[in-house]
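Trainee: I am new to this structure. Please take one part of it, the contacts between side chains, and go through them closely.

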Amino acid sequence: MEETVEDPPTSAVLLDHCHFSQVIFNSVEKFYVPGGDVTCYYTLTQHFIPRRKDWIGIFRVGWKTTREYYTFMWVTLPIDLNSESTMQQEVHFKAYYLPKDDEYYQFCYVDQDGVVRGASIPFQFRPENEEDILVVTTQGEVEEIEQHNSELCKENQELKDSCASLQKQNSDMQAELQKKQEELETLKSVNEKLEQKVKEQKDSWETELLRLKEQNQKIASENEKMGVRVDQLQAQLSTQEKETEKLIQGEQDKTEQLEHLKKENGKLFLSLTEQREQQMKLKLTVEELKQKEATATKKQQELTDQNFDLSKRLSENQTICSVLQRERERMERENDLLKRENSRLMSYMGLDSLPYQIPTSDQGGAGQNPGLVYGNPYSGIQESSAPSLLPKKCPICKSDIADDIFDHTLEEQHIQTLYLNCPICDKSFSAKEKQIFEDHVFCHTL
């Protein structure tokens, strides 16, 4: 199968999200001679179904994402997935596309979603050397290393559970914040409706007040006219009384007219009294309207104060959410730090320990430990021709340390100078994360 120029599907998925046990690589040599083609043999497990865009890449040991492949080949889809022969597959890598250096590489099976489904033991591309020495470690050392790796995996799982708990707590706070925002929006809507209702009621009251004022003015004008009429009638009555005194004997008609005028005057007086009473009622109505307006203003002020309190509570919830977000980011950085420490310990033990005997093709499937997420990192490492010439390096700051004074105690003392420990909860931070360390200590004082 020839390699095409089309790039394979990759992703930025971290190593802890991959499934290395679904594809098993068989008959992987400890080294391949440069200049020759390489055949990669692999086995598909019964729970894995290959797809059209799956591919096998050669990765340098230490890769982080599937985008760091050196070269790749598309896999061949089997015709019958249920047959025994279908599970055993192989791909061929041309010599022209293979690495030319002597670094350690490994085969990785990547599906069309960019997720790693299987990884081989490390190997090298170098000529055969008759001076290669095969060293076998004791079973006790193997069990001790496996137990240490199991403890590291357990600690890593605990950190993942803690991170998931923080993520759930953050999600709950986000839901509560969303609920508070919805309540605030509802209160704002109710407040706007009440303001609109108060405005409409106020406009109605102002219109009614204006109408009453106009009616009052009209009644006052009529009252003035009636007063003038009364004065006129009184003057006419006085004139008629004088005329009556002169014509009392022979003017009976004038007397009846006088009585009629008296009755009309009484009616006008009663009408004037009723108009005054109506004017007093109008004044009382105006006072009641003013009291209602004051009550509406007070209620609007209470709603404004309630709106301010809700806004203050929302600000406090946002502050708490921000603090939880920073705590979550700190936990993620701490998780990454433990991962790097895990990788450092594996690299350190791989450089200072003697390599294992490379298992044969018959022993490869049975010798692998399915409980190790990354496989056995020491099964393919070979002893260098002159290992004592290389200086020791710090796994954290990468500085050289003299080989004759480098031991586990000095290494721990050197690493402790690169970290800041919280005096309250004993959390560790990198020396480069001084600001995060200070924020963490400050959070204990809140």
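Mentor: Lys427 has a relative accessible area of 26%, so this residue is partly exposed; buried means under 20%, exposed over 50%, and partly exposed in between, with a 1.4 Å probe and protein chains only. This is a predicted model, in which local features need pLDDT of at least 70 and side-chain atom pairs count only at pLDDT 80 or more, while totals for chains, interfaces and linings use all residues. Residues are numbered from 1 along each chain as its sequence is written, and side-chain values use heavy atoms, with hydrogens and water left out.

The partner of Lys427 is Glu334: the two form a salt bridge whose closest N and O atoms are 3.5 Å apart. The term salt bridge stands for a side-chain nitrogen of Lys or Arg within 4 Å of a carboxyl oxygen of Asp or Glu. This pair links distant parts of the chain, 93 residues apart, with Glu334 in helix H2 and Lys427 in the loop between strand E12 (419-421) and strand E13 (428-430). Helices (H or I, at least four residues) and strands (E, at least two) are DSSP runs, numbered from the N terminus. Glu334 has a relative accessible area of 12% and is therefore buried.

Helix H2 (residues 252-352) also holds Glu332 and Arg328, which are 4 residues apart and so separated by about one helical turn. Their side chains meet in a salt bridge, at 3.8 Å from N to O. Glu332 is partly exposed, at 30% relative accessibility.

Another salt bridge joins Asp101 and Arg60, with 3.0 Å between the closest N and O atoms. Here too, distant parts of the chain are linked: Asp101 is in the loop between strand E6 (88-93) and strand E7 (104-110), Arg60 is in strand E4 (residues 55-60), and the two are 41 residues apart. Asp101 counts as partly exposed at 26% relative accessibility, and Arg60 counts as partly exposed at 41%. Elsewhere, salt bridges link Arg51, Asp111, Asp113 and Arg117 in a network. The count of salt bridges comes to 12.

Next come the aromatic rings. A search of the whole structure gives 20 aromatic pairs. Rings of Phe, Tyr and Trp (its six-membered ring) pair if their centres lie within 6.5 Å; planes under 30 degrees apart count as stacked, over 60 as edge-to-face and the rest as tilted. One of the pairs is Phe93 with Phe107, stacked because the ring centres are 5.9 Å apart and the planes are at 25 degrees. Phe93 is in strand E6 and Phe107 in strand E7, so this pair ties together parts 14 residues apart in sequence. Phe93 is buried, at 1% relative accessibility, and Phe107 is buried, also at 1%. Tyr96 and Tyr97 make an edge-to-face pair, because their ring centres are 5.2 Å apart and their planes are at 85 degrees. Tyr96 counts as exposed at 68% relative accessibility, whereas Tyr97 counts as partly exposed at 38%. Ring pairs also link residues into a cluster, including Phe25, Tyr32, Phe93, Phe107 and Phe125.

Two contacts between a charge and a ring remain to be described. The charged end of Lys53 sits over the ring of Trp74, 5.1 Å from its centre. A charge sits over a ring if NZ of Lys or CZ of Arg is within 6 Å of the ring centre and within 35 degrees of the ring normal. Arg126 lies over the face of Phe31, 4.5 Å from the ring centre.
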